[in-house]
Every structure is written in C-alpha cells, then in structure tokens.
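I opened this notebook to keep a record of what I looked up, one topic at a time. The entries follow the order in which I went through the chains.

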2 protein chains.
Amino acid sequence: MRRRHPRAGDVGYDGAKPGRQAQVNRPTIKDVARRANVSLKTVSRVINNETSVRDDTRDRVQRAIDELNYAPDQAARNLRSATSHAIGLVYDNPNPYYVISVQNGVLAACHDQGFGLQIHPCDSTVPDLADELRDLVQRTRLAGLVLAPPMSERMELIRYLAANGIRFVRIISAAEDPDDGYPCVYVDDRDAAYDITEHLIQLGHQRIGFLWGGAAHRSSPERFKGYESALKDYDIPLDKKLVIPGDYSFDDGFRGARRLFALRDRPTAIFGSNDEIAAGVLAAAKANGIDVPYELSIAGFEDSPFSKQSWPALTTAKQATEDIARHAALRLIAELKPSGSGVAPVNRGFSPQLVIRDSTARAHKPAT
Amino acid sequence: MRRRHPRAGDVGYDGAKPGRQAQVNRPTIKDVARRANVSLKTVSRVINNETSVRDDTRDRVQRAIDELNYAPDQAARNLRSATSHAIGLVYDNPNPYYVISVQNGVLAACHDQGFGLQIHPCDSTVPDLADELRDLVQRTRLAGLVLAPPMSERMELIRYLAANGIRFVRIISAAEDPDDGYPCVYVDDRDAAYDITEHLIQLGHQRIGFLWGGAAHRSSPERFKGYESALKDYDIPLDKKLVIPGDYSFDDGFRGARRLFALRDRPTAIFGSNDEIAAGVLAAAKANGIDVPYELSIAGFEDSPFSKQSWPALTTAKQATEDIARHAALRLIAELKPSGSGVAPVNRGFSPQLVIRDSTARAHKPAT
C-alpha cells in the first residue's frame with residue numbers, strides 16, 4: 001500500500017536538534033510551467049491525466065515536475081475542481097476484523113488511485129444520520145462515500161444522499177443485483193448460508209439450531225433464508241424453537257447456545273450467523289462440557305481470522321471482505337475520475353464460499 | 001462519537017426519484033456577516049473560537065450561523081490558515097483489536113475538537129518512510145500526525161519529521177518520560193510485565209517461559225525487562241532456554257509454546273508478550289492435551305477483547321489503548337488550536353494494570 005515518490009532535492013536525515021522546526025519551500029505550478037516552457041493550463045492537463053496533450057509536451061512537463069520535486073497542492077486542487085481527493089468510509093460495525101478488512105480493501109484502491117481515506121464510524125440508528133453525512137461531505141469536500149452495511153441498506157438515507165448530490169457506492173447483502181439505480185457491490189449471503197446448512201444436513205444432522213445476526217443488517221434475513229431453503233429442499237421441518245434472535249456478537253452467540261442447550265431435544269448442530277456468534281457458541285459448549293464436534297457441530301460465517309484461530313477451527317463461509325471493499329472503492333473512484341479506475345460501471349456480485357474445518361462432523365446421538 | 005448539527009432549512013426525505021442529483025445552495029460567511037451585522041473578520045473569529053469577541057456579539061453571530069445552517073468550508077479554511085482540519089493516524093500493526101482501539105480513541109478526540117481523521121497504515125520497515133510521511137502531510141495538508149509504534153520509536157524518523165516542520169505526537173513504550181523534546185504519550189510496559197511475572201511467582205511457578213513480541217517495537221524489550229526484574233527480585237535464575245524470540249502474532253505464540261513443551265524440564269507457566277501470542281499458546285496447549293490452568297498457566301498482555309473471549313479467559317494487563325490514543329490526539333490538537341483542547345502540553349504516562357482471570361492458577365507438577 002506504499003506509494004513511491006520522487007526524491008530529488010529532499011531534506012535528508014541531518015540530525016537536526018530536537019524540537020527545531022524548519023521552513024519548507026514548495027515549488028509551484030508556475031515553476032513547472034516556466035521550466036517546461038508551457039502554459040499553466042498545459043501543466044494542469046498533464047497533472048490531471050487529460051488526453052488532449054501531445055506526448056513530447058507531456059514528457060517535457062513530467063520531467064520538469066520530477067526535477068523540481070513538484071507535488072500538486074491537493075487543497076488548492078480541491079477548491080478549483082470542487083471535489084476533494086479523499087473519500088469517506090462510513091460504517092457501523094462492532095467487529096474489528098470485519099472493519100479492518102473493509103478499511104484495507106478501500107485503502108488498497110485509494111492508494112492505487114491517488115486518494116486519501118477518511119474513516120467515519122457512526123451510529124446507524126440515529127434519525128439525523130442523513131444530515132450528519134451530508135454535512136461531513138460538504139465540510140470536508142469528500143469526493144464520495146463508500147457505505148458499508150447497515151446504512152448502505154437504508155433506502156431513505158440512500159435517496160436523500162442522492163438528492164443532495166453526494167456520490168457513493170453501497171456494499172449490501174443481496175442474492176441478486178437490486179437494479180435500483182444506485183451503484184452497489186452485492187454479497188450473496190443466502191446462497192452461502194444454504195451451502196453451510198446443506199453441509200450439516202449431509203453430515204446427518206436433522207436438528208440444526210440457527211442464531212440470527214442483528215436485525216438492522218440485511219445479511220441477517222438473507223442468511224436465515226438460505227438456512228430455511230436448505231431445510232425445505234431436504235424435507236426437514238423448520239422447528240421455531242431452534243431459531244434464536246440476537247446480534248452479531250460473541251455474547252449473543254454464548255447466550256443463544258445456552259438457550260438451545262436447555263431444550264429437551266437439543267440440536268446436534270448450530271449455525272451461527274457469523275464467526276463471532278459461532279465463537280460464543282463454542283465457548284458455551286466448552287463451559288457446558290459439550291464436546292465439539294463429537295457431540296455438537298458448529299458453523300459460522302465470514303472466515304474471519306477468528307475462525308481459524310479457535311480450537312477447533314470453525315467451518316464457515318469465506319467472504320473475501322477485503323476484495324469486496326476494494327471493488328466498491330474502485331467503483332466509486334470510477335465515477336470520480338475522468339480516466340476511470342479499471343472497473344466497469346456496473347453492479348458486481350460476490351458469492352462467499354463454504355470452508356470446511358474441524359468444528360463440523362457427522363451427527364452422533366447427544367449425551368443426555 | 002456523533003456530532004449534532006443545526007437543522008433549519010434542510011432538504012428533507014422527499015422520496016426523490018432514484019439517481020436524480022440536486023444542486024446544493026450553500027450559505028457563505030458573507031451571508032452570516034450580513035445577517036449578524038458584523039464584519040467578516042468578526043465571523044471568522046467566532047468560528048475559530050478566538051477569545052477577542054464580546055459575548056453579545058458572539059451570540060448574535062452564532063444565532064446567524066444556526067439560522068442560516070452555515071457550515072464553514074473546510075477546504076477554503078485550509079488554504080487561508082495554511083493548515084488542514086484533518087489529522088493523520090500512522091501505524092503498522094497486524095492486530096485488528098489494537099488498531100480499532102487506537103482509531104476509536106483518536107476519533108473520539110477528533111469529533112470533540114472538530115477534526116477529520118485520515119488513516120495511513122504503512123510498512124514501518126521501508127527506508128523512505130520519512131519521505132512518504134512528509135509527502136502525505138504536504139499533499140493533503142494534514143494538520144499533524146499521531147504516530148503509533150513502531151514508527152513512533154524510530155528516532156531518525158522523528159527528527160526528520162520535526163526538521164520538515166511536521167507536527168506530531170508519539171505513542172511510545174517507556175518506563176518514564178523520555179524528555180527528549182518531542183511530544184509523546186508513554187506506556188509503562190515494564191512495570192506491568194513485572195506485575196504479571198510476580199503474580200505467576202506468587203502462585204508458586206519457578207519455571208516461567210517468556211515469548212517475545214516483535215523486535216521493532218520498544219514494548220518488547222520493555223516487557224522482557226519487567227519479567228527479568230521480577231525473576232531477579234525473587235531470586236529465580238533466568239533460564240535462557242525459557243525465553244523464545246518471535247512476533248506479536250497468534251502463530252508465533254503457537255510455535256513458541258511448542259518449543260517450550262519440547263523441553264525436558266517444561267515451564268509450568270508461560271508469559272506471552274501480548275494476548276495474541278497468549279492465544280496461540282492456549283491453542284498449542286489444547287492441541288497437546290495440556291490442561292490450562294491445571295498443568296500450565298498462561299498470561300498475556302493488553303486486555304484485548306480476545307483475552308476475555310478465549311476459554312479459559314486470559315490473565316493479562318489492561319492497557320487502556322483507546323484512552324492512550326485519545327490523549328495523544330488531544331495533545332496534538334492542543335498544539336494546533338489556539339484555544340487548546342483541554343489537555344496540558346506535557347508528556348503523560350500510562351500504567352497498564354494486572355487483570356487476573358482463569359488462565360493462571362497455582363503451580364502443579366506437570367504430567368510427564
């Protein structure tokens with residue numbers, strides 16, 4: 001993620017005394033124009049990668065830029081072009097692994113394309129969230145926003161941002177392209193949840209618990225639908241007592257599992273809607289002396305590093321969060337730069353893949 | 001972390017058709033001056049919280065700002081004041097929990113004080129890191145940087161940034177104020193590591209393994225020194241075979257533990273330099289059928305959520321990472337705003353506190 005920069009004329013490591021602050025002389029666009037013997041407008045065209053410049057002129061300007069170690073003043077460019085060269089990442093998610101993956105994906109795109117990244121975690125449930133985001137973009141002149149779930153899935157917010165002229169791309173959970181006029185990257189949670197449930201059924205499990213993620217996220221009903229469809233296709237009746245509401249958290253996984261363990265006819269497998277929930281289930285099993293996977297199979301979702309580091313390691317669905325976020329940022333930048341960013345201006349779907357690890361195994365009769 | 005904004009005259013949720021983009025009319029500083037019947041300069045003084053404005057005048061201007069829903073154009077303010085209203089957070093750390101804690105702490109300070117936050121993870125080992133950071137600050141006009149370890153601990157980088165007129169605050173590991181002329185927040189790792197080791201000794205452990213963190217971080221030798229001092233004070237000879245080099249990672253904890261298990265005279269306790277390492281030790285113990293804490297006590301460091309969610313939960317040192325980061329950001333902002341930020345311009349120290357959980361217990365003879 002590191003960018004290389006020209007080094008001619010830099011201040012070196014000179015062992016300056018602690019605390020002393022030196023003045024910096026910054027070359028201007030006028031210096032470049034003078035050195036290359038062209039107009040200011042021509043220098044500007046070269047800097048902005050416009051196509052209307054002859055090759056030999058472009059080379060001359062670029063050489064002048066390198067020799068002078070000229071770095072365009074982004075704030076000045078911001079004003080002239082009325083857009084900023086930073087984008088904002090907006091999210092509301094308590095899971096550090098997920099957030100870091102999204103940040104890394106967006107950062108990779110930003111670095112490739114010359115943008116800075118401002119992060120803006122917020123509370124997605126507040127009523128004036130739309131005002132907050134609009135003010136953020138206006139005040140700091142962000143070029144656009146990458147919106148992660150769940151705010152990416154609040155349609156009144158989306159319409160409001162569009163009505164205020166704010167560019168954005170959404171990361172959403174959907175089994176197919178929503179085709180609603182708003183750019184997005186969509187993740188097919190439903191299909192992956194079907195695969196996980198089918199895997200458990202094929203191992204012989206008939207009583208499979210399901211722990212919901214937070215209701216504000218569309219991924220929650222999407223993952224439940226996958227579970228529900230798989231049961232239906234294999235003629236296993238859905239037992240509502242096996243389905244527990246909750247949030248995308250370790251604690252809710254722990255609590256949900258304990259409720260399932262208290263049932264007379266316990267499940268032999270539990271599908272937690274993400275790896276954090278599944279980790280909570282695993283801890284609850286250990287606390288109750290239940291052997292995983294011999295007495296209880298556990299599956300999660302997301303393939304966070306968490307899932308690989310637990311004992312046993314968790315069966316899950318690999319979500320490629322970083323790739324998804326990177327693609328969303330490139331899609332946004334494609335809307336912002338005349339030269340594009342290498343991705344087509346169409347919505348793209350991602351399908352998480354089943355990853356089988358040690359936490360799921362053939363069904364056995366549970367110890368009573 | 002959410003800021004409230006005035007709402008008079010906002011565009012509402014009007015169910016605009018998908019995809020339509022509307023023009024935005026933004027009130028200017030001139031509108032505010034006219035409405036409050038004051039000069040532009042007076043409005044500017046009120047916005048910048050300068051003290052030279054009479055209370056009744058300030059009230060009149062603030063009322064005009066609220067009624068017009070005026071939001072200062074940050075990019076324009078950037079140019080006039082020659083500083084930006086965003087700070088940069090620079091770090092190189094693979095541990096999501098730590099990174100998120102640092103981000104949250106800095107964000108809390110930024111939100112209180114009206115700054116945006118740009119994140120800049122980078123590779124701290126590259127030779128031209130100094131150029132990269134200097135270019136970053138110049139190009140995006142960041143007001144300053146919060147530097148996390150390990151780059152905060154590279155003195156030639158620190159001197160270089162200062163020589164280039166870049167404002168920063170460092171978060172470093174140190175047992176006392178380094179008093180070297182560069183602002184910092186320092187964390188006393190040594191003392192906390194002493195406490196953890198002492199706790200193990202008091203439980204009866206004589207053979208205590210130690211797994212190092214990454215050598216680039218000063219916290220690594222600082223934590224080792226605490227371990228070493230405690231052994232010395234309790235007259236326990238330091239056995240070099242019990243001290244294993246490595247990195248701040250789960251995998252290195254796993255590998256380091258396996259090396260210790262292979263010793264003829266195994267340790268009855270292992271101190272991992274952070275919770276990720278300790279989690280790796282715990283997984284290795286389980287993989288080897290070693291009961292924790294009955295046969296092996298394990299301690300970590302940092303009190304990451306990780307340490308509470310493992311089974312058994314880890315004894316550790318509570319580092320208050322978020323508070324430390326927040327204080328570092330407030331310290332930086334105090335240098336940037338004429339009105340300060342509420343913290344004094346002195347270096348402040350933090351002392352992580354021992355947290356005893358279920359992974360440490362009295363020493364027993366290990367099964368052979």
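**Entry 1: aromatic rings**

I began with helix α9 of chain B, residues 219-233, where I found both B:Phe224 and B:Tyr227, placed three residues apart, which is about one turn of the helix. I note here that the model is a predicted one. How many aromatic pairs does the structure hold over all chains? I found 15 of them listed over all chains. One of these is formed by B:Phe210 and B:Trp212, an edge-to-face pair with 6.3 Å from centre to centre and 85 degrees between the planes. The pair of B:Phe224 and B:Tyr227 is tilted, with the centres 5.8 Å apart and the planes at 40 degrees. I remind myself that a pair of aromatic rings is described by the distance of the centres and the angle of the planes.

B:Phe210 counts as buried because its relative accessibility is 0%, and buried means under 20%. B:Trp212 has 22% and therefore counts as partly exposed. B:Phe224, with a relative accessible area of 13%, is buried, and B:Tyr227 counts as buried at 1%.

**Entry 2: a charge over a ring**

Next I turned to the arginine at position 223. Over the face of which residue does A:Arg223 lie? I found A:Arg223 over A:Phe301, at 3.8 Å from the ring centre. In chain B, the charged end of B:Arg223 sits over the ring of B:Phe301, 3.8 Å from the centre of that ring.

**Entry 3: the nonpolar core**

I looked up the largest nonpolar core, which has 60 residues, and wrote down that A:Ile87, A:Val106, B:Ile87 and B:Val106 touch the most other members. As background, in soluble globular proteins, nonpolar side chains tend to be buried together. I then followed B:Val106 and left aside its neighbours within four places in sequence: B:Val106 is in contact with B:Ile87, B:Leu89, B:Leu117, B:Val146, B:Ala325, B:Arg326 and B:Ala329.

Which residues cover the two faces of strand β3 (residues 144-147) of chain A? I found A:Gly144 and A:Val146 on one side and A:Leu145 and A:Leu147 on the other, and all of them are buried.

Strand β1 (residues 86-91) of chain A pairs with β3(A) in the parallel sense over four bridges, and A:Leu89 stands opposite A:Val146. Strand β4 (residues 168-173) of chain A also runs parallel to β3(A), and three bridges join the two; here A:Val146 stands opposite A:Val169. Together with helix α7 (residues 155-163) of chain A, the strands β3(A) and β4(A) make a right-handed β-α-β unit.

**Entry 4: an open sheet in chain A**

I then traced an open sheet of four strands in chain A, in the order β7-β6-β8-β9, with parallel pairing. Its edge strands are β7 (243-244) and β9 (297-299), each of which pairs on one side only. Strand β6 (residues 208-211) of chain A pairs with β7(A) in the parallel sense over two bridges, and A:Phe210 stands opposite A:Val243 in β7(A).

**Entry 5: backbone details**

Is the peptide bond from A:Pro149 to A:Pro150 cis or trans? I found this bond to be cis, with omega near 0 degrees, and A:Pro150 has its place in the loop between β3 and α7 of chain A. In chain B, a cis peptide bond joins B:Pro149 and B:Pro150, with omega about 0 degrees, and B:Pro150 lies in the loop between β3 (144-147) and α7 (155-163).

Lastly, I checked position 235. A:Asp235 is not a glycine, yet has a positive phi of about 55 degrees; A:Asp235 lies in the loop between α9 (219-233) and β7 of chain A and is exposed, with a relative accessible area of 70%. B:Asp235 has a positive phi of about 60 degrees, again without being a glycine. This residue, B:Asp235, is found in the loop between α9 and β7 (243-244) of chain B, and at 68% relative accessibility B:Asp235 counts as exposed.

Definitions and conventions
Residues numbered from 1 in each chain as written. Chains lettered and ligands numbered in written order. Predicted model: local features only at pLDDT ≥ 70, side-chain atom pairs only at ≥ 80, totals over all residues. Heavy atoms only, no water. Phe/Tyr/Trp six-rings, centres within 6.5 Å; stacked < 30°, edge-to-face > 60°. Buried < 20%, exposed > 50% of the residue type's maximum accessible area, 1.4 Å probe, protein only. Lys NZ or Arg CZ within 6 Å of the ring centre and 35° of its normal. Core = buried A, V, L, I, M, F, W, Y, C linked by side-chain atoms within 4.5 Å. Contact = heavy atoms within 4.5 Å. Pairing = 2+ DSSP bridges. Right-handed = clockwise from strand over helix to strand, strands pointing away.
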